[in-house]
Amino acid sequence: MTLRVVCAGIAVLDQVFQVEGLPVDATKYTAVSRREVAGGIAANAAMAVARLGGAARLVSRVGADAAGQSLRAVLAAAEVDCSGLHTPPEGATATSAVFIDPRGERMLINHKDPALFRGAPDSASFAGADAVMCDLRWPEAARMGLQAAAIAGVPGVLDYDTAPEEARDLVARASHVIFSAAGLESLQPGDRRAALAAVAERYPGVAFAVTAGAEGAFWIAAGQSGKVPAVPVQAVDTLGAGDVYHGAAALALGEGKAFPEALRFASAAAALKVAQPSGPGAFPTRQEVTSLLETRL
């Protein structure tokens, strides 16, 4: 039976502009190219899971607008279960303007309509999950999803980047928390390893990791700690790399992999993602990840 991962959080329609340099001044800039892609943390994670051979269900919301229709079409084509993707009476679909430079680095401006994510999702959306992955953009959904994972005894993975104050309680509800460098700094400033150890002491029973780009990922769990090296790759487009990382990690944990091994799997998946321009073809397959792991890690 195919392992099911439920991804809860935000779905975004991204307008991606390729530029010769990221904006620095208050003036006009010219893009080399433009493309429209489906994005958002939870949506990208779900598409990554589906491409890697898992059964992905997305719990999110989109508006009754053209952007929402575009997102639904892309997600359906990616074979993501959209039974948990709802359109409430109010609220516009989340959108972003994204600038990508020749090094693959990105600058992103997002708009999320507060009306779209009022209240919690249907609890039935999390039924049958073998793993749950939540972002911080819809705290009520993350709270419900992580609780459902804990009750079912399956991994509940929290993608922790920059958290609103009302989302700080989610750390204790997760089985695994994967920080961005900025996310860890916001919760526990200082040296990454020391900060990770301090957070682990504060929340015993939770496994933690922090991704640090080319440095790889540092982790701590059950009294043990270590580092998973990054996979060297020529970056083309870093947009959504962290989302792919979290989706792949949740899938691997749901399959029973130990935390360090799940992070290695996620690192390979994210490396393959950044080597391609954003879009449906950028999500790696299981075979591609396995081949990269065999040759690089």
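**Exercise 1.** Which residue in strand 11 is the bridge partner of Val177?

*Solution.* The model examined here is predicted. Begin with the two strands: strand 10 covers residues 176–179 and strand 11 covers residues 207–211. They pair in the parallel sense, over four bridges. Within this pairing, Val177 has Phe208 of strand 11 as its bridge partner.

**Exercise 2.** Describe how helix 7 packs with helix 8, and state the make-up of the contact.

*Solution.* Two packed helices are described by the angle between their axes and the distance between the axes. For helix 7 (residues 241–254) and helix 8 (residues 259–274), the angle is about 145° and the axes are 8 Å apart. The crossing of helix 7 and helix 8 is right-handed. Helix 7 contributes residues including Ala241, Val244, Tyr245 and Leu253; among those from helix 8 are Phe259, Leu263, Ser267 and Lys273. Sorted by class, the contact of helix 7 with helix 8 has 15 nonpolar residues, one polar and one charged.

**Exercise 3.** Decide how helix 8 and helix 9 are oriented to each other, and list the residues in contact.

*Solution.* Helix 9 spans residues 286–296, and helix 8 packs with helix 9 at an angle of about 110°, their axes 9 Å apart. Angles of 65 to 115 degrees count as roughly perpendicular. Helix 8 and helix 9 are therefore roughly perpendicular to each other. On the helix 8 side the contact is made by Arg264, Phe265, Ala268, Ala269, Ala271 and Leu272. On the helix 9 side are Arg286, Glu288, Val289, Leu292 and Leu293. The contact of helix 8 with helix 9 divides into eight nonpolar, no polar and three charged residues.

**Exercise 4.** Classify the ring pair of Phe17 and Phe99, and locate both residues in the chain.

*Solution.* A search of the whole structure finds five aromatic pairs. The ring centres of Phe17 and Phe99 are 5.8 Å apart, and the planes are at 25°, so the pair is stacked. Phe17 belongs to strand 2 (residues 12–18) and Phe99 to strand 6 (residues 94–100). The two are 82 residues apart, and the pair links distant parts of the chain.

Methods:
Residues are numbered from 1 along each chain as its sequence is written. This is a predicted model: local features need pLDDT of at least 70, side-chain atom pairs count only at pLDDT 80 or more; totals for chains, interfaces and linings use all residues. Side-chain values use heavy atoms; hydrogens and water are left out. Two strands pair if DSSP finds at least two bridges between them. Axes are lines fitted to C-alpha atoms, for helices over the stretch in contact, and angles run from 0 to 180 degrees between N-to-C directions. A crossing is left-handed if the near helix is turned anticlockwise from the far one by less than a right angle, and right-handed if clockwise. Contact means heavy atoms within 4.5 Å. Ala, Val, Leu, Ile, Met, Phe, Trp, Tyr, Cys and Pro count as nonpolar, Asp, Glu, Lys and Arg as charged, and the others, Gly among them, as polar. Angles under 35 degrees count as roughly parallel, over 145 as roughly antiparallel, 65 to 115 as roughly perpendicular and the rest as oblique. Rings of Phe, Tyr and Trp (its six-membered ring) pair if their centres lie within 6.5 Å; planes under 30 degrees apart count as stacked, over 60 as edge-to-face and the rest as tilted.
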